[in-house]
Amino acid sequence: AMDWQDQGIVLAARRHGESSAIVTLFTRARGRHLGLARGGAGRRGGGLYQKGNLVVAHWRARLAEHLGNYSCELVEPLGLVALDDPQRLEAIVAALSVLESSMAEREVHVDLFDATVELLRRLAHPAAGEDGHEWPAVYVRWECRCLAELGFGLDLSVCAATGARENLRYVSPRSGRAVSAAAGAPLAEKLLRLPDFLASEGAPTGAADIRAGLELTQYFLERHVLSPHGRRVPAARLRLLERWRRLANRSTH
């Protein structure tokens, strides 16, 4: 029989039969992994298998390729905490949908797991005095991290055309490399915008910067990670971008 225990983040729980649920976890040592949780859709299980929750999972099956059974215990309720803030909640749901749609089953991504726990904690527990655009910048950086972990890292440190490190303004949609303002000006229409906060630590972030960051990462997620497998950008992630487009429009008018 197969039998293991690991930490996991709840990505999804789908009702199965009367009160069970098929639960998708992003586990630390085993990647995206499914299992059947008996009672997972019942009153007690529903709270435990809330998207974003950090759990300790025990998985058992007769054979490795079977669906197997989960029994889990809550470690940290990171999914429910932010419910009073629709923006943060939307970002949590978007992050989980990006993971669920982009990771191959049972492919291990330990660093991405740790980065995701960090992101969820940041979204679930607002820091005192944090302004409204700090956590969205953290979210966009996390998506850059996702791309890198899945084998499509963006190189945003130097200009692909000139090697310059200053005044980086664009990203080439073909190579995923930064382009300086001067080198990119003639091609500006064809290039993606690089927001300042991705080019240099500590740069301020307005709504338009967050929008540009989300457009940038979405372009590469769609092109390199999702499309090759016939998948689309998940609805929750499209909604997140839509919200920041609206906020950016409002701040320019």
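## A guided tour of the chain

You are looking at a predicted model, in which local features need pLDDT of at least 70 and side-chain atom pairs count only at pLDDT 80 or more, while totals for chains, interfaces and linings use all residues. Residues are numbered from 1 along each chain as its sequence is written, and side-chain values use heavy atoms, with hydrogens and water left out.

Now switch to a cartoon. The protein chain has 8 helices and 8 strands; these are DSSP runs numbered from the N terminus, helices being H or I of at least four residues and strands E of at least two. Its radius of gyration, taken over C-alpha atoms, is 20 Å, close to the 18 Å that the globule rule (2.2 Å times the number of residues to the power 0.38) gives for 253 residues, so the chain is as compact as a globular protein of that length.

**Select the barrel.** Five strands form a closed barrel in the order E1-E2-E3-E5-E4, with mixed pairing; two strands pair if DSSP finds at least two bridges between them. From one strand to the next, the twist averages 45°. Helix H2 (residues 86–102) packs on the sheet, touching strand E1 (2–16), E2 and E3, and its direction makes about 110° with that of E1. Here axes are lines fitted to C-alpha atoms, for helices over the stretch in contact, and angles run from 0 to 180 degrees between N-to-C directions; contact means heavy atoms within 4.5 Å. Next, pick helix H3 (residues 110–124): this helix packs on the sheet too, touching E1, E2, strand E4 (54–61) and strand E5 (69–76), at about 50° to the direction of E1.

**Select Tyr-139 and Trp-142.** Of the 54 residues in the largest nonpolar core, these two touch the most other members. Such a core is a set of buried Ala, Val, Leu, Ile, Met, Phe, Trp, Tyr and Cys residues joined through side-chain atoms within 4.5 Å, where buried means under 20% relative accessible area, exposed over 50% and partly exposed in between (1.4 Å probe, protein chains only). Beyond its neighbours within four places in sequence, Tyr-139 has contacts that include Ala-91, Leu-119 and Arg-237. Another core, of 14 residues, lies apart from the largest one; among its members are Trp-4 and Val-23.

**Finish at Arg-106.** Look in the loop between H2 and H3. Arg-106 has a phi near 60°, a positive value in a residue other than glycine, and is partly exposed, with a relative accessible area of 33%.
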